[in-house]
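I opened this entry to record what I looked up, one site at a time, with the cut-offs beside each term.

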Amino acid sequence: MDELLILAADDLMAERGAWLASLGGERRLSGNTLEAYERDTRQFLRFLTTHVGGPATIKDVSALRPADLRAFLAFRRKQGAGARSLGRHLAGLRSFLRHLERKGLVNAAGAGAIRSPKQPKSLPKPLSGNQALTVVSQEAQMNGEPWIAARDAAVLTLLYGCGLRISEALDLTPSAFAGNPTSLRITGKGAKTRLVPLLPVVGEAVATYVKLCPYHLEAGEPLFRGARGGKLQPAIIQREMQRLRSALGLPDSATPHALRHSFATHLLGSGGDLRTIQELLGHASLSTTQVYTGVDAARLLDVYERAHPRA
C-alpha cells in the first residue's frame, strides 16, 4: 500500500478505497475476490503511472481510451497472466470505472467496448469414488498426532460429503452440530445461505475430532483449530492434501477443492439432477453447475472407448 501512495494521487486513492469498501459492504464479495480486485487495481495503477509519466489522477483515468486498457491487458499477458486472470482484471477495472462514473468523475463506456479474453474450456478434475473415500479416511491422514489426523479427516469429509468450499468448512462452529442435526446451514459466497444434508458418516467424522480435540470448543467459536488452538487456516489443509497426493500417488489436480468437484460429479453420475446439485453447491447460476455434465460425459466416453469391442 505504501507504494500505491506514491503511484496514485490522493483523489484517486480515496475513490479506490471507497470502491473496495462498497464491494465488501454493500455487495458482500468474498475476501478472496476483494483481495484479487485490490491487487488487480494496484497493478493497473502501477502500469498507468508508467503510461502517463507520473502519479495517476482521476483526470488520467477519465482520459483513458480502449487502446490504453488493451495495452494494460497486453502488458499483463507478457508478464504471464492467463485468460482467467485477464478476465478478472477487466471485470475489476470495469467495476471501478462504473463506481467513478456514478459519481460523475469519468465515462466508463470505453471499458465496456473491450471484449473479455476468451476463457479456456477446462473441465473440473474430480477424484474417483475409491480415491475420494481413501483421502477422507482417518487411516490415510499423514499427521502422527491423533486429534490432528481426526481433524484433517473431518474437514476433508465435509468437502466430499457435503460439497463445501474449504472456507465454508473452516467457518463452521460447534453450534452447527448441536443436537445431532440432519442438515447444515452454510453461508457461502455473497453471504447467501443454503441447507446441505449432513450424512451420518460426516457427523461421525466431526464427532471423532471433537472428542479428541484438546481445546475447549465454545459454541460460537471456530470448530476446527490449528495446532496452537487458533482457527485452522486453509493452507494447512492444502499442505496435508499435498502430502496425501504424494503418499497415494494421486495427480496434482487432487486438491481440497477437487473433493467438492467429486461430490458434484459423483452425484450427477448416480442420477442427481442439475438443479438440486446447483442448490447443494450454492451456485448462483445453473450454467456454473452444468460444467459437471461435461465431466460425466467425458467419463462415459472413456468407459465406452475402453470397454466397447468396436471402439
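I began with Lys-231, which is partly exposed at a relative accessible area of 37%; here buried means under 20% relative accessible area, exposed over 50%, and partly exposed in between, with a 1.4 Å probe and protein chains only. The model is a predicted one, in which local features need pLDDT of at least 70 and side-chain atom pairs count only at pLDDT 80 or more, while totals for chains, interfaces and linings use all residues. Residues are numbered from 1 along each chain as its sequence is written, and side-chain values use heavy atoms, with hydrogens and water left out.

**Entry: salt bridges**

Which residue does the side chain of Lys-231 meet in a salt bridge? I found Asp-171, at 2.6 Å from N to O, where a salt bridge is a side-chain nitrogen of Lys or Arg within 4 Å of a carboxyl oxygen of Asp or Glu. The pair links distant parts of the chain, 60 residues apart, with Lys-231 in the loop between α11 (200-212) and α12 (234-248) and Asp-171 in the loop between α10 (166-170) and β1 (183-187). Helices (H or I, at least four residues) and strands (E, at least two) are DSSP runs, numbered from the N terminus. Asp-171 is also partly exposed, with a relative accessible area of 47%.

I then noted that salt bridges with shared partners join Arg-16, Glu-38 and Arg-42 into one network. A search of the whole structure gives eleven salt bridges. Among them is the one between Glu-168 and Arg-165, whose side chains meet at 2.5 Å, N to O, and both of these residues are buried.

Another bridge joins Asp-152 to Arg-151, with the closest N and O atoms 3.0 Å apart, and both partners are buried. I also recorded that the charged end of Arg-151 sits over the ring of Trp-147, 5.8 Å from its centre; the criterion is NZ of Lys or CZ of Arg within 6 Å of the ring centre and within 35 degrees of the ring normal.

**Entry: aromatic rings**

How many aromatic pairs does the structure hold? I counted eight, taking rings of Phe, Tyr and Trp (its six-membered ring) as paired if their centres lie within 6.5 Å, with planes under 30 degrees apart called stacked, over 60 edge-to-face and the rest tilted. One of the pairs is Trp-19 with Phe-96, which is tilted, at 5.1 Å centre to centre and 40° between the planes. Trp-19 lies in helix α2 (residues 10-25) and Phe-96 in helix α6 (residues 83-102), so this pair ties together parts that are 77 residues apart in sequence. Both Trp-19 and Phe-96 are buried. Elsewhere I noted that ring pairs link Phe-44, Phe-47, Phe-72 and Phe-75 into a cluster.

Is Asp-68 buried or exposed? Asp-68, which is found in helix α5 (residues 66-78), is buried, with a relative accessible area of 9%. A polar atom of its side chain lies 2.8 Å from the backbone nitrogen of Arg-65. Leaving aside neighbours within four places in sequence, Asp-68 is in contact (heavy atoms within 4.5 Å) with Phe-47, His-51 and Ala-63.

Leu-69, also found in helix α5, counts as buried at 4% relative accessibility. With neighbours within four places in sequence again set aside, I listed its contacts as Phe-44, Leu-64, Leu-93, Ala-111 and Ile-114. The C-alpha atoms of Leu-69 and Gly-110 are separated by 8.6 Å, the two residues being 41 apart along the chain.

**Entry: a backbone angle**

I looked up Asn-180, in the loop between α10 and β1, and found phi near 50°, a positive value in a residue other than glycine. Asn-180 counts as exposed, at 74% relative accessibility.

**Entry: the whole protein**

Of the 311 residues, 41% are buried. Among contacts between residues at least 6 apart in sequence, 62% join residues at least 24 apart. The accessible surface comes to about 16700 Å², of which 53% belongs to carbon and sulfur atoms, with areas from the Shrake-Rupley method and a 1.4 Å probe, and with only the protein chains shown counting as cover for residues.

Note on methods
A polar contact is a pair of N or O atoms within 3.5 Å; within protein, one must be able to donate a hydrogen and the other to accept it, and residues adjacent in sequence count only if both atoms are side-chain atoms.
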